[in-house]
Amino acid sequence: MFDANWAPLRLSLQVTLVATLLVLITGVPLAWLLARKRFPGRDAVGAIAMLPLVLPPTVLGYYLLVTLGAQSPLGRWLAAVGFPLVFTWRGAVIAAAIASFPLMVESVRTGLEGVDPRLEGVARTLGRSEWAIFWRVTLPLAWRSIVAGTALTFARALGDFGATLMVAGNIPGRTQTMSLYIYDLVQANRQGEANQMVLLITVLAVTLLVVARRLNRRVV
Amino acid sequence: MLAIQIRKRLSTFDLSLELQAPSGVTALFGPSGAGKSMTLACIAGLTHPDAGRIALNGFTFYDSDARINLPPQRRRIGYVMQDYLLFPHLTVGENVAFGLQGLSRAEQRRTVDAMLERVGLAGYAQRRPHELSGGQQQRVALARALVIRPHALLLDEPFSALDAPTRASLRRDLLDLQRTLALPVIFITHDFGEAYLLADQLAVLVEGRLLQCGAPAEVVAHPRSQDVARLTGSRNFLAAEVAACEQGVLTVRVGDVVLAAPCASRLAPGDRVTLAIRPERIMLVRKDAQTPARRNTMHGVIVDEMSDGFTCTLFLRADDGQRLRPDAAYDLEIIVPVYIYERLHIAEDRRWAVILPQEAMQVL
């Protein structure tokens with residue numbers, strides 16, 4: 001156990017943490033817009049946000065590869081400014097973030113919709129700014145759904161395989177995350193090491209799921 | 001003075017009303033779904049009408065022509081909604097302090113404590129909303145609305161979710177409060193007794209239209225339509241034909257009989273009108289009374305009755321030849337207090353003479 005290769009675990013945690021943070025700061029505002037605002041194209045935006053949940057991960061990864069790769073203007077620009085995404089750990093972050101994005105949006109949107117908008121209305125009549133109302137009324141009443149969404153996002157990002165493989169590849173020490181490493185171990189018939197890693201990931205994922213469910217259940 | 005003139009298209013009808021609410025209590029009274037809550041939401045600025053004008057003490061909140069629509073934050077209107085809507089994650093004190101801005105912590109605390117004391121909840125600042133009874137939650141909601149020193153106060157069905165004793169005590173408190181506040185208070189109710197008890201001005205709203213507005217006693221005495229008469233407690237709607245209208249007395253033919261009614265508007269013989277008779281103003285004549293036969297006296301039998309514990313409703317079927325509604329099972333609904341019912345032994349004695357005084361009659 002002690003001579004195991006820990007680099008994939010370290011990389012996985014790094015990628016997952018950054019991806020979760022990214023999803024948190026983009027997903028919560030989008031969830032708020034979807035839950036509280038009426039704007040043209042709202043349904044379309046909601047549907048697109050859900051897309052990564054239904055697309056095969058390889059297809060998702062392929063889209064990302066095409067969008068961010070060296071053949072696309074965006075990819076060329078990213079390479080030119082010294083921030084290439086494809087086949088780097090940052091690419092793995094993007095893949096994991098996009099794959100887990102719908103879980104955050106859905107969880108937080110449901111949580112925000114559970115906050116009675118009339119409470120926000122009362123707060124308005126009491127003279128408080130929209131910003132203050134969000135921080136003092138909406139967010140405290142929906143925070144469980146945000147924590148739950150974060151746990152789900154973390155678990156999904158940690159487990160991503162297909163999209164990461166397409167965008168970041170499977171480069172040991174650079175983009176080889178846990179999921180990819182386990183695949184390699186099994187392919188190489190190193191059952192013992194694979195078992196350790198599988199157990200580790202399973203315990204982590206189940207823990208996160210329990211946390212998420214506990215919090216979500218208490219969301220009124 | 002709160003001046004409202006709004007139009008708003010709703011799903012099943014158009015809300016369209018014009019109302020002036022001076023300092024004092026205005027009851028917005030009408031059946032559920034008449035547009036009452038929508039009206040308050042427009043005044044508070046939580047939604048806006050399609051067109052119109054809303055101004056408080058000459059200060060315009062909303063004007064569709066001038067494209068003015070102030071956000072609720074800038075209207076300073078105390079708004080207590082149905083279900084009170086306290087912030088469940090904050091303490092009572094934090095709820096009340098929610099609208100206080102720009103005060104030091106000590107001042108804020110002092111203000112909140114004073115306000116809680118005023119609504120009878122001194123010492124409750126640290127409690128959570130879910131630990132309070134409905135009546136206490138309502139008081140907190142009121143304190144939270146009053147602490148911002150509003151220029152008008154809106155109350156949406158403030159008493160409907162409370163048990164009867166709590167309701168009675170809170171109604172008294174509201175009357176006391178109103179005397180010290182001197183600002184326009186608009187409250188919604190579908191309970192006529194409550195509207196009559198609390199209101200200086202009664203505004204009857206049905207399906208988005210203001211049917212009548214005035215002092216409660218005035219609206220009750222002179223309803224302008226059958227809807228208003230019905231909502232303000234009148235019963236006994238009788239089809240009548242004008243026989244004569246002379247010297248302030250209207251003579252009408254109703255069923256088999258001729259009755260004298262107050263002559264309000266210009267009516268000509270042959271005109272068809274509806275006569276409404278308030279059930280609590282019909283007089284039962286004591287058996288031992290030696291009064292000579294009076295006008296509008298009828299004889300009949302009580303064929304049915306029901307009681308709500310305070311009053312008894314009697315259903316009187318007039319003798320043949322004196323029927324007001326020859327095709328119906330009974331002619332008059334009469335309401336008497338329970339003690340009168342007992343003192344007159346109405347339970348045993350079913351034959352009665354009744355007098356229909358002119359002040360009981362409304363010609364519509």
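Among contacts in chain A between residues at least 6 apart in sequence, what percentage join residues at least 24 apart? In the predicted model, the share is 78%. Chain A has 220 residues, of which 41% count as buried. Its secondary structure consists of 10 helices and zero strands, so that the order of elements from the N terminus reads α-α-α-α-α-α-α-α-α-α. Two packed helices are described by the angle between their axes and the distance between the axes. Helix H1 of chain A covers residues 7-36, and helix H7 of chain A covers residues 130-159. The axes of H1(A) and H7(A) come within 9 Å and cross at roughly 140 degrees, which makes H1(A) oblique to H7(A). The crossing of these two helices is right-handed. On the side of H1(A), the contact is made by Ser12(A), Thr16(A), Ala19(A), Thr20(A), Val23(A), Leu24(A) and Val28(A). H7(A) contributes Ile146(A), Thr150(A), Thr153(A), Phe154(A), Ala157(A) and Leu158(A). By class, the residues of this contact between H1(A) and H7(A) comprise eight nonpolar and five polar, with no charged ones.

Chain A also touches chain B. In this interface, 15 residues of chain A are in contact with 16 residues of chain B. On the chain A side, the elements that give two or more residues are helix H6 (117-125) and helix H7 (130-159). The largest share, seven residues, comes from H6(A). The chain A residues that touch chain B divide into seven nonpolar, four polar and four charged.

Strand E12 of chain B (residues 235-246) runs antiparallel to E13(B), and five bridges join the two. One of the paired positions is Glu246(B), whose bridge partner in E13(B) is Val249(B). E12(B) and E13(B) form a hairpin with two residues between them. In the turn of this hairpin, Gln247(B) has a positive phi of about 50 degrees.

E13(B) is in turn joined by six bridges to strand E14 (residues 257-262) of chain B, again in the antiparallel sense. Here Val252(B) has Leu259(B) of E14(B) as its bridge partner. E13(B) and E14(B) likewise form a hairpin with two residues between them, and Gly255(B) in the turn has a positive phi of about 55 degrees. Which residues of E13(B) lie on its covered face, and which on its uncovered one? The covered face of this strand (residues 249-254) holds Leu250(B), Val252(B) and Val254(B), whereas Val249(B), Thr251(B) and Arg253(B) are on the uncovered face.

A further part of chain B is an open sheet. Strands of a sheet pair through backbone hydrogen bonds, either parallel or antiparallel. This sheet has five strands in the order E16-E20-E17-E18-E19, with antiparallel pairing. Its edge strands are E16(B) (283-285) and E19(B) (332-337), each of which pairs on one side only. Neighbouring strands of the sheet are turned by 50 degrees against each other on average, direction ignored. Within the sheet, strand E17 (residues 297-307) and strand E20 (residues 351-355) of chain B pair in the antiparallel sense over five bridges. Gly300(B) stands opposite Trp352(B) in E20(B).

Key: Residues are numbered from 1 along each chain as its sequence is written. Chains are lettered from A and ligands numbered from 1 in the order in which they are written. This is a predicted model: local features need pLDDT of at least 70, side-chain atom pairs count only at pLDDT 80 or more; totals for chains, interfaces and linings use all residues. Two residues are in contact if their C-beta atoms, placed from the backbone, lie within 7 Å. Helices (H or I, at least four residues) and strands (E, at least two) are DSSP runs, numbered from the N terminus. Ala, Val, Leu, Ile, Met, Phe, Trp, Tyr, Cys and Pro count as nonpolar, Asp, Glu, Lys and Arg as charged, and the others, Gly among them, as polar. Axes are lines fitted to C-alpha atoms, for helices over the stretch in contact, and angles run from 0 to 180 degrees between N-to-C directions. Angles under 35 degrees count as roughly parallel, over 145 as roughly antiparallel, 65 to 115 as roughly perpendicular and the rest as oblique. A crossing is left-handed if the near helix is turned anticlockwise from the far one by less than a right angle, and right-handed if clockwise. Two strands pair if DSSP finds at least two bridges between them. A residue is buried if 20 or more other C-beta atoms lie within 10 Å of its own, exposed if 12 or fewer, and partly exposed in between; C-beta atoms are placed from the backbone.
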